[in-house]
Amino acid sequence: MQLEKKPCLTGVGLTKTFGMGRTKTVAVDHVDFTFYEGEIVSIVGESGSGKTTLAKLLLGLINETEGSVEFLGKKRDISSGKKKQEYWKSIQAIFQDPFSSYNIFNKIDAVLLDCIHMRGGKNLPQAKKVELMIEACKFVNLKFEELTNKYPFELSGGQMQRLMIARIFLLKPKILIADEPTSMIDACSRATILDYLIQLRNEIGMTLIFITHDIGLAYYVSDTVYIMERGKIVERGSADDVILRPRAAYTKRLISDVPKIYEEWDLSTV
Amino acid sequence: MNNTLRQIFRSGKFVTGFAIFVAILLGTLIYPLIITDAPLTIIGQGTFFPPGIYVSVYDSLGSTRYTLDLGEANFNRIASRLSEEDRIAIKEWLVAAGIPEADIDTADTQKLLTQWEENFDAKKSIPGMTNAKRNYYVRLDKSIDGLLSAEGAILAQANAETGALEQTGTVEQSDFVNVQQVANVRFLPLGTDNFGRDMLTELVAATRVSLIIGFVAGIIATLIGLTLGLLAGYIGGPVDDGIMFITNLFTVIPSFVLLILISFSIGQEQRGAFTVAVVIGFTSWVWTARAVRAQVISLRNRDHVNLSKLSGHSTVHIILTDILPYIASYVVMALILQISSGILAEAGLSILGLGPKTTDVPTLGLMMNWARIYQADIQGRWWAYLPVLVTIAMVTFSMNLMNTGLDQVFNPALRD
Ligand SMILES: Nc1ncnc2c1ncn2[C@@H]1O[C@H](COP(=O)(O)OP(=O)(O)OP(=O)(O)O)[C@@H](O)[C@H]1O
Ligand SMILES: [Mg+2]
């Protein structure tokens with residue numbers, strides 16, 4: 001943790017409702033928060049508690065119903081397509097389901113090339129681009145030579161998520177929102193993916209917003225923990241405070257669901 | 001992609017539909033290369049000549065004659081000349097003369113004539129028979145005698161000076177000509193229509209024009225529907241509201257009614273085949289737009305679209321690469337349906353007399369319209385409408401079959 005904390009993402013009364021009338025759901029309900037530069041924040045909640053919706057609000061992929069988001073201390077302005085593209089140079093995401101994250105008609109090369117182009121590398125010589133892509137793949141222990149001209153759906157779920165991390169490696173954003181990046185992955189690949197994620201975060205010093213339903217995992221990776229229950233943030237604080245000395249009933253329940261939480265977190269069971 | 005194609009061509013329904021469609025298409029392309037007549041030339045003076053081979057009588061007189069002694073020739077000749085009415089009249093007389101009805105078979109020429117020869121007596125009075133009827137039977141008897149005579153026909157020519165007929169030759173009953181050697185023979189597989197035009201040539205041209213109308217209408221409808229559906233579905237908000245407002249307007253007024261009104265107001269002279277196709281296209285895009293919109297709405301919040309946004313792609317780029325490919329199979333199916341319904345719409349319009357103007361090109365609908373106006377159905381001239389109906393049915397059937405086949409490939413839940 002840093003001594004002097006600079007806020008990078010702040011939410012003020014952020015709310016998102018879907019539908020209207022009888023089908024109205026308040027997915028995110030007046031949440032306030034401040035994420036600081038360089039920290040690892042976990043957002044923990046059950047299925048349906050609004051984590052993904054909050055992530056999409058932060059990314060600007062959906063519009064808030066109420067409230068606002070501040071980015072680097074100023075009110076976020078993503079009112080036009082150009083401004084959004086600019087915003088997305090600073091904030092990126094890894095989605096929950098790797099199998100639906102890729103356009104099945106695009107080859108892997110295109111996915112990585114897009115990232116290079118987004119970083120202003122459009123006019124780089126082809127050899128340089130390939131070099132960058134090889135480096136990115138190497139970072140997550142993938143072989144670019146084996147991936148080139150293949151489609152993402154030809155990879156395993158774990159490989160797809162690693163490719164996502166390679167993408168982030170190329171993009172080097174200020175903030176990364178990882179929305180349950182390991183929930184669809186088999187247990188063995190999980191640990192490696194988390195490792196790459198933390199390693200990447202340490203390397204480029206980005207803020208990592210880690211979304212999970214697994215409070216143990218949150219404790220293992222994060223500095224700060226937010227607990228979400230049905231769209232509301234019910235508890236927040238340092239990982240130690242929230243998990244070792246929980247106050248909200250909901251947090252206690254989440255913790256009691258994970259019996260091993262007081263033991264040293266054991267990666268082999270992740 | 002290759003895999004999908006392979007699957008498509010493994011689908012029995014698609015392959016059957018495709019084969020029928022390609023056969024029809026090839027037919028319309030190859031036939032005009034062989035028979036180069038303009039499809040609307042009138043060749044027959046008179047209406048509805050039945051299908052068959054037409055041999056020039058004049059030319060056959062001039063052709064080399066061969067004498068063939070065929071046992072059944074005489075019988076065939078009489079059988080073909082004795083009309084159905086005469087046969088019934090003969091039967092009536094024989095029954096009245098006391099021959100049991102069960103013994104008489106109007107289809108058996110030989111037996112019928114023998115019975116006639118044996119029993120007919122002009123003087124025999126049959127109760128209740130009018131004088132006129134009696135005279136008719138006398139005439140019938142004479143003409144049957146004529147039929148049975150073995151004499152040839154005399155050919156005569158008028159003398160240029162005196163005007164008197166001079167015999168130039170005879171045609172014996174056993175004279176034959178070889179059809180190959182007759183200078184003018186015309187095969188009319190489907191006879192002629194009400195104007196005396198070769199039905200088959202006309203039908204082939206009509207099929208081609210109708211297919212073009214279907215394609216033009218289908219492509220216009222699909223392009224409009226696709227564009228509006230993509231915009232409404234992807235952009236949403238006021239754009240969606242605006243587009244859906246127009247779409248709903250078009251939904252409330254049935255497109256065929258709209259089609260009739262527009263066609264009517266354009267007027268007969270302005271209505272070329274192309275105009276009609278365009279009008280059909282502009283009135284039938286509605287359901288494509290609705291269907292595409294629904295598909296796009298379910299796609300626009302998918303993660304791959306979000307990832308594409310995060311990769312800095314513009315809206316146009318996203319629509320073209322992240323939405324369009326996912327609905328492409330669907331759009332192809334919609335296009336096929338639009339083409340076949342375009343063909344049907346043209347037929348419907350033409351039957352109402354609102355189709356393309358009749359002087360340019362034939363269409364399947366126009367041919368149906370002509371057959372209807374000239375009462376081909378009532379007169380039993382099946383060749384004037386049945387082949388047209390079958391063609392319309394085969395074209396739309398083949399396209400719907402292809403569509404079902406595609407549907408089964410793209411929606412595995414429908415596979416059987
Ligand atoms: N596009 C949408 N339209 C309508 N309702 C939605 C939409 N997206 C989410 N919701 C609703 O919002 C609520 C929160 O959903 P969200 O996906 O944010 O949950 P989550 O915490 O990410 O759950 P999970 O752990 O299963 O991913 C749910 O009740 C969901 O039904
Ligand atoms: Mg989620």
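This is a predicted model: local features need pLDDT of at least 70, side-chain atom pairs count only at pLDDT 80 or more; totals for chains, interfaces and linings use all residues.
Which residue follows α15(B) with a positive phi? It is Gln375(B), with a phi near 55°.

Helix α15 of chain B covers residues 364-373, and eight of its ten residues are buried, so the helix is largely enclosed by the rest of the structure. The buried residues are Leu364(B), Gly365(B), Leu366(B), Met367(B), Met368(B), Asn369(B), Trp370(B) and Ala371(B). What do these residues pack against? Their neighbours are three helices of chain B, namely α8 (199-235), α14 (315-351) and α16 (386-410).

One of those helices, α14 of chain B, holds Gln338(B). Gln338(B) counts as buried because its relative accessibility is 1%, and the cut-off for buried is under 20%. Leaving aside residues up to four places away in sequence, Gln338(B) touches Gly218(B), Ala221(B), Thr222(B), Ser284(B), Trp285(B), Trp287(B) and Thr288(B).

Now for parts of chain B that face outward. Leu33(B) sits in helix α2 (residues 12-34) of chain B. This leucine is exposed, with a relative accessible area of 66%. Leu33(B) belongs to a nonpolar surface patch together with Leu25(B), Leu26(B), Leu29(B), Ile30(B) and Ile34(B), and the patch has about 590 Å² of accessible area.

Strand β3 (residues 153-158) of chain B is another outward-facing element: zero of its six residues are buried, so the strand lies largely in the open. Its partner is strand β4 (residues 165-171) of chain B, and the two run antiparallel, joined by six bridges. Within this pairing, Ala156(B) stands opposite Gln167(B). The hairpin has six residues between its strands, and Gly163(B) takes a positive phi near 80° there.

Chain A has a hairpin to set beside that one. Here strand β9 (residues 224-229) and strand β10 (residues 232-238) of chain A run antiparallel and are joined by six bridges. Glu229(A) has Lys232(A) in β10(A) as its bridge partner. Two residues lie between these strands, and Arg230(A) takes a positive phi near 40° in this hairpin.

Elsewhere in chain A, four strands form an open sheet in the order β2-β1-β4-β5, with antiparallel pairing. Which strands are at its edges? They are β2 (25-36) and β5 (74-75) of chain A, each of which pairs on one side only. Strand β4 (residues 66-71) of chain A meets β5(A) over two bridges in the antiparallel sense, and Phe71(A) stands opposite Lys74(A) in β5(A). As background, strands of a sheet pair through backbone hydrogen bonds, either parallel or antiparallel.

Our last stop is the magnesium ion (ligand 2). Its protein donors are OG1 of Thr52(A) and OE1 of Gln96(A), which lie 1.8 to 2.5 Å from the ion. The pair links distant parts of the chain, 44 residues apart: Thr52(A) is in helix α1 (residues 51-59) of chain A, whereas Gln96(A) is in the loop between β6 (91-94) and α3 (98-101) of chain A.

Definitions and conventions. Residues are numbered from 1 along each chain as its sequence is written. Chains are lettered from A and ligands numbered from 1 in the order in which they are written. Side-chain values use heavy atoms; hydrogens and water are left out. Patches are made of residues with over 30% relative accessible area and no salt bridge: like charges are joined within 9 Å, nonpolar side chains (Val, Leu, Ile, Met, Phe, Trp, Tyr) within 5 Å. Accessible areas come from the Shrake-Rupley method with a 1.4 Å probe; for residues, only the protein chains shown count as cover. A salt bridge is a side-chain nitrogen of Lys or Arg within 4 Å of a carboxyl oxygen of Asp or Glu. Buried means under 20% relative accessible area, exposed over 50%, partly exposed in between (1.4 Å probe, protein chains only). Donors are N, O and S atoms within 2.8 Å of the metal (3.2 Å for Na, K and Ca); water is not among the atoms, so sites may look incomplete. Two strands pair if DSSP finds at least two bridges between them. Contact means heavy atoms within 4.5 Å.
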